[in-house]
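Here is a short report for a reader meeting this structure for the first time. Keep the sequence and the 3D view at hand while reading.

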Amino acid sequence: MSINTNNDLNENTVRVCSPSNNDKSFSLTTIDDGSPNSDQLLEVADEQNILVNGCGQLFEIDGSEHENGRDETTVIDGYGGESQGKGYPPPVVGMEFDTYDDAYNYYNSYAKEIGFAIRVKSSWTRRNSKEKRGAVLCCNCEGFKTLKEANSHRKETRTGCLAMIRLRSVESNRWRVDEVKLEHNHSFDPERAQNSKSHKRTDGGSKRKLEPTLDVEVRTIKLYRMPVGDASGYGSPNSNEGGTSTNLNFSRHLKLRKGDTELVSNYFCKCQLINPNFFYVMDLNDDGQLRNIFWIDSRSRAAYSYFGDVVAFDSTCLSNNYEIPLVSFVGVNHHGQSILLGCGLLADETFETYNWFFRAWLTCMSGRPPQTVVTNQCNKAMQSAIAEVFPRAHHRICLSQVMQSILGCLVQFQEYEAIQMALSRVIYETKTIDDFERAWDELTQHFGIRNHEKLQSLYGEREHWAPAYTKDTFFAGISDQEKGESVVPFFKGHVHQQTSLKEFFEIYELVMEQKRKTEAIDDFKSRDSSPSLRTRYYYELQLSKLYTNAMFRKVQEEIVMMSSCFGITESQTNGSTATYMVKERQGEELVQDAGHVEVTYDKTGAEVRCSCCCFNFKGYLCRHALSILDYNGVEEIPCQYVLPRWRKDFKRLYVPHLSSDNVDITNPVQCFDHLYKRAMQVVEEGMISQAHYMVSWQAFKESLNKIRLVSDKIE
């Protein structure tokens, strides 16, 4: 494939280091992130089947010519898809297609590769029109035969399979995937699927046209080749590492010590050699100097598929002017521990920089954005970039940081202590938006601070931090709005103001290893221990068998506190839904102002909702909700309130997802990639217990012996 090497000097570039197929040397590729408003798609030059940053795959290439003359591709799955355009990535929510037929053909082609057939389960049209506006495509093993069909002589093929995608027509007559279920409850039969009605109508010649175009959540950055400026590949001959630039717009760069550029390059190359799915990109300015860096290892990429619902973006080092401008994405695992989901070094805090970093990160996460992004500061540039790259995610600002900012700008007032107490009541104790607005207005008027500029600015961002606005947002315990606890930085206690880049990379390895060991030990303890019970409620016994020890202790505390709830009264009823008022005591005294908590319970769906919103914040039910379930004779916590992310029996394999077994065995890159991922699955499962280890080790030995027998026959 021809590569366009003409470079616009006004465009910003990124370097990507990629191992070659033929040897262990590295070639350099650049990324052009264009203008902030342009559609940005990650594209890869396939000149020598380059494996981008050890991602474990080759990005697919669309052979069509675009206006700029470059060959382009859209990355659907950053680590799960097959390479060379031969595989169809699994469907994800947010995929868009030009027409309904494109959507149908894509899902049909994906199903054909996996080994199942599809059919249209249902569809619906616009009122007073035959124009289709929605449809559900499902596995043809969905449902069961009717009584009449069951009496026929035809073989039963339906198994009640739930695999499906839901499509709907959106603006500009495009079609979007709204819901996806990938799990099948049956084995695949590719031969039978090949002969199904859905696959017979597939036109193989139009395969390349079936790939979906993605919306802004999946758009990333463009990639093409360019010549390199100097031997090291990180700067032009005139670059001045650590120096200043007269062109702030195009030449801003990382302030690095002498030798740091080489240090970064060597470290990343080492990581790629021992971690094939390690990924990094480097953003360069027009002078060839390092501007921004992003990197992530394979374990973090895989962990995101389990714990990617809520992520915190930590920019403490950058905003506090540490020597290393470190930023990171942090999640929460099943033990409530912080896990790293990607790191970066940024030159500044502009919209363009954040936009580049977020898009690079999203590319590695298969274009699947988180539900909630929590940040530790009110930064307009960051906020705009989040809205641009993650348009459907809830952006929330850590409440404790907002409180510190508010109190910091009011400390000079004579009535500071009174303001502090009144402010805490307004923020933490108001339950509705109207109550918060009214109380805030009264407070600012009473103390004469209504026109305070900083306070007004923070108030303008209230939808991102005030509990009255954010109470319906799931935080997974990453930030406790009730107590005002902040997001704990992943490297807290390890990275300080004067920590150098060299020291950081040494610390980085130690911290990551320590975190892995801690998680492995806690996994073992949770599987092999039975927590002691403190009450007679069955809820406690139920969750002691399901949740990890750390999460069970948190829920157990709520179950124990059920004894403080009393005086349950039904305030109103509407059909199957009832609203209760629950009083709560602390010791022998009633809790002031918190004595009446409102809980709504729907008997039909066993749905319970408390005004304290504990489940929304932390992912488990509070004592008030549990008391209402008990009051209504519900013996077990309904399944929708037992989240898989906290379970100890939920299998988590920290290896990239495999979307298909359809491998081109003539392509050594695909063969290596596929075998490596499969082997890593055996390794992960083999670490569950000693028995698992022995079975895995025996399987490896038997496999190796069989492979050697094949080699002997060939010779």
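The report goes from the whole protein to its salt bridges, then to a helix, a strand residue, the cysteines and a surface patch.

## The whole protein

This is a predicted model. The protein has 715 residues, and 51% of them count as buried. Its secondary structure comprises 22 helices and 23 strands. The accessible surface is about 35000 Å². Carbon and sulfur atoms account for 49% of that surface.

## Salt bridges

The whole structure holds 24 salt bridges.

| Pair | Distance (N to O) |
|---|---|
| Arg119 and Glu142 | 2.7 Å |
| Lys502 and Glu506 | 3.1 Å |
| Glu558 and Arg623 | 3.0 Å |

Start with the salt bridge between Arg119 and Glu142. Arg119 sits in strand β6 (residues 118-125), while Glu142 sits in the loop between β7 (132-139) and α2 (147-150), so this pair ties together parts that are 23 residues apart in sequence. Arg119 is partly exposed, at 22% relative accessible area. Glu142 counts as buried, at 16%.

Next come Lys502 and Glu506, whose side chains meet in a salt bridge. Both residues belong to helix α16 (residues 501-528). They are four residues apart, about one turn of the helix. An α-helix has 3.6 residues a turn, so residues three or four places apart point the same way. Lys502 is partly exposed, with 49% relative accessibility. Glu506 is partly exposed too, with 44%.

Glu558 is in helix α18 (residues 549-560) and Arg623 is in helix α20 (residues 623-631), so the bridge ties together parts that are 65 residues apart in sequence. Glu558 is buried, with a relative accessible area of 11%. Arg623 counts as buried at 18%.

Salt bridges can also join into a network. Glu96, Asp98, Arg174 and Arg176 are linked in this way.

## A covered helix

Is helix α7 mostly covered or mostly open? Helix α7 spans residues 298-307 and is mostly covered, with seven of its ten residues buried. The buried ones are Ser298, Ser300, Arg301, Ala302, Ala303, Tyr304 and Phe307. Look also at the start of α7. There, a side-chain oxygen of Asp297 comes within 3.3 Å of the backbone nitrogen of Arg299.

## A residue in a strand

Now turn to Thr579. This residue lies in strand β20 (residues 577-586). Thr579 counts as buried, because its relative accessibility is 10% and the cut-off is under 20%. Which residues does Thr579 touch, leaving aside neighbours within four places in sequence? Its contacts are Thr569, Glu570, Ser571, Gln572, Glu598, Val599 and Thr600.

## The cysteines

How many disulfides does the model contain? The count is zero. Cys614 illustrates this: the nearest cysteine sulfur belongs to Cys622 and is 5.4 Å away. A disulfide needs the two sulfur atoms within 2.5 Å, so Cys614 is in no disulfide. Cys614 is buried, with a relative accessible area of 5%. Cys671 counts as partly exposed, at 22% relative accessibility.

## A nonpolar patch on the surface

The last stop is a patch on the surface. Val682, Val683, Tyr693, Met694, Trp697 and Phe700 form a nonpolar patch there. Together these residues have about 550 Å² of accessible area.

Which helices supply the patch? Helices α21 (668-686) and α22 (690-714) each give at least two residues. Helix α22 contributes the most, with four residues. Met694 is located in α22. Met694 is partly exposed, at 49% relative accessible area.

How values were computed:
Residues numbered from 1 in each chain as written. Predicted model: local features only at pLDDT ≥ 70, side-chain atom pairs only at ≥ 80, totals over all residues. Heavy atoms only, no water. Patch = residues over 30% accessible without salt bridge, like charges linked within 9 Å, V, L, I, M, F, W, Y side chains within 5 Å. Areas by Shrake-Rupley, 256 points an atom, 1.4 Å probe, with all protein chains shown as cover. Salt bridge = Lys/Arg side-chain N within 4 Å of Asp/Glu carboxyl O. Buried < 20%, exposed > 50% of the residue type's maximum accessible area, 1.4 Å probe, protein only. Polar contact = N/O pair within 3.5 Å; in protein donor to acceptor, adjacent residues only side chain to side chain. Contact = heavy atoms within 4.5 Å.
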